[in-house]
Amino acid sequence: MKRPIDHIRDSAGSAKIGDGAPIVAMISMANRLLMVTTTGTYATRLADQIDPIRENINIPWAVNQREISYGSNSPFMAATLLAAAALFQPTYLGEAFPCKEAIEIALAMAKQLAEVADIIVDLQTKPKAIAKALKLAQPNRKQIDVPQTPNLLGRGEHLILAIWRASQKLVELAELFYPKAKPGVEWRDNLQTHLDAKLPDDHKFKEIFPLIANQIAAVMSYRNAFLHPDNTKHVALVDYKLRPDMQIEPPSITITSLNHAVPTMPLVHFGMDQLNQTTECADGLIAWLCELNRTDLKIFEHHVERLPEGKTHAGSRLVWRTVFKDGFSPPQ
């Protein structure tokens, strides 16, 4: 007789969970099994984990709980949790690398980006209702009620800090691969030292890494400007306001900073831009960290490969590809 967990494994790809969406990937964590569907991420705990001494026979064999309200259809999930599950494997990175810890870090990053996505959705919803109300208003109306965003300051803080926490998870991943030789050294300088010692000057990652590091530094400056404002750095949040052309401007953000200033823009656009940039950073950094630290065999070597647009494996566009080394030919 098959155990329940075997049934889940056999039916992956066609089985459904929670919201009825198909299961795309199953990821084994320290104390639970994550089920990622196209639209959500669920934690599954078996009956023996809930009731190890089996006191209650009525406990269901599996209990599912939504952990993230986004699944493989969301690019940030594919670039973080799903990419990590696909690439952080002992077969390719060696037994000494803490693959489970790395996947947990990627999961924590995905959760922070999910919070950013939630704020974006919330900010996108209200302007549509406002625009509809203005359209229905009488042309000769003497006054118009401009709405207020509840807790705008808190939402701005939540958005900036969630982006910052997500970017710090990228730093944690980098430091798993390249631990600091001594405390007090900036992660960027530490990793750059390793890259300079290992890679030729014209290596592709040497072009990409400064862009990733600059984005992480920018997010840090946004956080510092919000939490520690002074004459050189601060964040201004402005709520809805009516323009002379009878259009209502959505909540906006302006960040004053010496090196990473942000001109006035809608807060929702700022959130979307930061979500997209952090997703791209995760996608690039995870791929290159794995590629540069792969463990090859005598006649085989592994490489990180990006699948064509629209193609994924277990929700990730990043996969491992194993090929024969130069000088070795496949058997006839």
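# Chatting through a predicted fold

Trainee: Where is threonine 44 found?

Mentor: Threonine 44 is found in strand β4, residues 41-46. Strands are DSSP runs of E with at least two residues, helices are runs of H or I with at least four residues, and both are numbered from the N terminus. Bear in mind that this is a predicted model, where local features need pLDDT of at least 70, side-chain atom pairs count only at pLDDT 80 or more, and totals for chains, interfaces and linings use all residues. Residues are numbered from 1 along each chain as its sequence is written, and side-chain values use heavy atoms, with hydrogens and water left out.

Trainee: Is threonine 44 buried or exposed?

Mentor: Threonine 44 is buried, with a relative accessible area of 2%. Buried means under 20% relative accessible area, exposed means over 50%, and partly exposed is in between, using a 1.4 Å probe and protein chains only.

Trainee: Zooming out, how many helices and strands are in the chain?

Mentor: The chain has nine helices and twelve strands. Of its 332 residues, 42% count as buried.

Trainee: Switching to rings, how many aromatic pairs does a search of the whole structure find?

Mentor: It finds ten aromatic pairs. Rings of Phe, Tyr and Trp (its six-membered ring) pair if their centres lie within 6.5 Å; planes under 30 degrees apart count as stacked, over 60 as edge-to-face and the rest as tilted. In one of them, the rings of tyrosine 92 and tryptophan 320 have centres 4.9 Å apart and planes at 15°, so that pair is stacked. This pair links distant parts of the chain, 228 residues apart: tyrosine 92 is in helix α4 (residues 90-93) and tryptophan 320 in strand β12 (residues 318-324).

Trainee: And is tryptophan 320 buried or exposed?

Mentor: Tryptophan 320 is buried, at 12% relative accessible area.

Trainee: Which residues form an aromatic cluster?

Mentor: Trp187, Phe205, Phe209 and Trp288 form one.

Trainee: What sits over the ring of tryptophan 164?

Mentor: The charged end of arginine 223 does, 4.6 Å from the ring centre. The cut-offs for a charge over a ring are NZ of Lys or CZ of Arg within 6 Å of the ring centre and within 35 degrees of the ring normal.

Trainee: OK, helices. At what angle do α6 and α8 pack?

Mentor: Helix α6 (residues 152-177) and helix α8 (residues 204-227) pack at about 145°, with their axes 9 Å apart. Axes are lines fitted to C-alpha atoms, for helices over the stretch in contact, and angles run from 0 to 180 degrees between N-to-C directions. Residues making the contact (heavy atoms within 4.5 Å) include Trp164 of α6 and Arg223 of α8.

Trainee: Which loop holds asparagine 151?

Mentor: Asparagine 151 is in the loop between α5 and α6. Its phi is positive, about 55°, although it is not a glycine. Most residues other than glycine have a negative phi. Asparagine 151 is exposed, with a relative accessible area of 57%.

Trainee: What about alanine 314, what is its phi?

Mentor: Alanine 314 has a positive phi of about 50°, and it is not a glycine either. It is found in the loop between β11 (300-306) and β12, and is partly exposed at 36% relative accessible area.
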